[in-house]
Amino acid sequence: MNYKLLWEDQFDVDGKPNEDIWQIETGGHGFGNNESQFYTTNEKNLFVKDHKLHIVAYKESFEHRDYTSGKMTNKKPYDMTYGRLEVRAKLPKGRGTWPAIWLLGRDIKEVGWPKCGEIDLMEHVGKNPDHIHFSLHSAGYNHRIGNQPTHVFNQDKHIDEFHEYRMDWDEDKIEFYLDQKHIVTFEKGSKETQEDWPFNHPFYLILNLAIGGWWGGDIDDSIFPVEMLVDYVKVYERVD
């Protein structure tokens, strides 16, 4: 399979993230996971400096929450359906952190989650610093019923350095890579329905740093401020 670069962000202009590509998400309702942070529009929580995107979480009171952080998603013209996605990032250290690089189906407002589909290119929780999670969620297979396709990769001292997270996505499978090394492939079964495999329509990218929650667990307040760094985002289209 051949690929052609469709769009990228190298985060080479200091200040706010490129407003042509990204929009900042806000809120502090727990996001269905009992998360402890409030995502703000404050530049200290989400900014570009020294050719890196910084997503920074603080221990501070904001609205009804005791922590703030950042979350951003790509705008609709930059959605992805099939192709290749590469994101190079460095993850935060500390118990209670929950950074993620993931995608949701653009039709989520119409059909809801998990029917829209979810692709987790990278999830990490600070209480298990050497574990990287790759997962898919759909109406037929998701974490609420405990049967989602998922793979946990163990790598010592993973959070000490930048790593490239990549996925190659086509009609029948999604392949995950770490630093160009193939990790796992999830394939569409011959009998799976749209409820099982909704990965055939536009998805949008999400970059965020959650704090606490059902999975993030107990929070070590001594770690703050703590940040996730993103070096680049690259999206490719297939060229057959």
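1. Two strands count as paired if DSSP finds at least two bridges between them. Helices (H or I, at least four residues) and strands (E, at least two) are DSSP runs, numbered from the N terminus. Strand β8 (residues 83-90) and β13 meet this rule: 7 bridges join them, and they run antiparallel. Val-87 has Tyr-165 of β13 as its bridge partner.

2. On the basis of this note: the model is predicted, local features need pLDDT of at least 70, side-chain atom pairs count only at pLDDT 80 or more, and totals for chains, interfaces and linings use all residues. Residues are numbered from 1 along each chain as its sequence is written, and side-chain values use heavy atoms, with hydrogens and water left out.

3. On strand β13. Buried here means under 20% relative accessible area, exposed over 50%, and partly exposed in between (1.4 Å probe, protein chains only). Strand β13 (residues 163-169) is largely enclosed by the rest of the structure, because 7 of its 7 residues are buried. In a regular strand the side chains alternate between the two faces of the sheet. In β13, His-163, Tyr-165, Met-167 and Trp-169 point one way, while Glu-164, Arg-166 and Asp-168 point the other way; all are buried.

4. On the other partner of this strand. β13 also pairs with β14 (residues 173-178), in the antiparallel sense and over 5 bridges. Trp-169 stands opposite Ile-174 in β14. The two strands, β13 and β14, form a hairpin with 3 residues between them.

5. On strand β17. This strand (residues 226-239) is mostly covered, with 10 of its 14 residues buried. Strand β1 (residues 2-9) pairs with β17 in the antiparallel sense over 7 bridges, and Tyr-3 stands opposite Arg-238. Strand β5 (residues 52-62) is joined antiparallel to β17 by 5 bridges, with Ile-55 opposite Met-228. β8 runs antiparallel to β17 as well, joined by 7 bridges; here Arg-84 stands opposite Tyr-236.

6. On the open sheet. It has 7 strands in the order β2-β7-β16-β9-β10-β11-β12, with antiparallel pairing. Its edge strands are β2 (22-24) and β12 (150-154), each of which pairs on one side only. Neighbouring strands of this sheet are turned by 15 degrees against each other on average, direction ignored (axes are lines fitted to C-alpha atoms, for helices over the stretch in contact, and angles run from 0 to 180 degrees between N-to-C directions). β2 and β7 pair antiparallel over 3 bridges, and Trp-22 stands opposite Asn-74 in β7.

7. On the largest pocket. Its space is about 930 Å³. Of its 34 lining residues, Phe-31, Asn-33, Trp-102, Leu-104 and Glu-118 are the closest to its centre. On a 1 Å grid over the protein atoms alone, a pocket is an open set of points with protein on both sides within 12 Å along at least five of seven lines, and lining residues have an atom within 4 Å of a point. Grid points are joined across faces, edges and corners, and a volume is the space filled by probe spheres set on the points. β7 (71-74), β9 (97-105), α1 (108-111), β10 (118-123), β11 (131-137) and β16 (203-211) each supply at least two lining residues.

8. On aromatic pairs. The structure holds 13 of them. The Trp-7 and Trp-22 pair is edge-to-face, at 5.9 Å centre to centre and 70 degrees between the planes. Trp-7 in β1 and Trp-22 in β2 are 15 residues apart, and both are buried. The ring centres of Tyr-82 and Trp-169 lie 5.5 Å apart with the planes at 75 degrees, so this pair is edge-to-face. Tyr-82 is in the loop between β7 and β8, 87 residues from Trp-169 in β13. Tyr-82, Trp-169, Trp-197, Phe-199 and Phe-203 form one aromatic cluster. Rings of Phe, Tyr and Trp (its six-membered ring) pair if their centres lie within 6.5 Å; planes under 30 degrees apart count as stacked, over 60 as edge-to-face and the rest as tilted.

9. On the backbone. A cis peptide bond joins Trp-113 and Pro-114, with omega about 10 degrees; Pro-114 lies in the loop between α1 and β10. The bond from Phe-224 to Pro-225 is also cis, with omega near -5 degrees. Lys-157, a residue other than glycine, has a positive phi near 55 degrees and is exposed, with a relative accessible area of 63%.

Methods:
1 Å grid on protein atoms, 1.4 Å probe; cavity = no way out; pocket = protein on both sides within 12 Å on 5 of 7 lines; lining within 4 Å.
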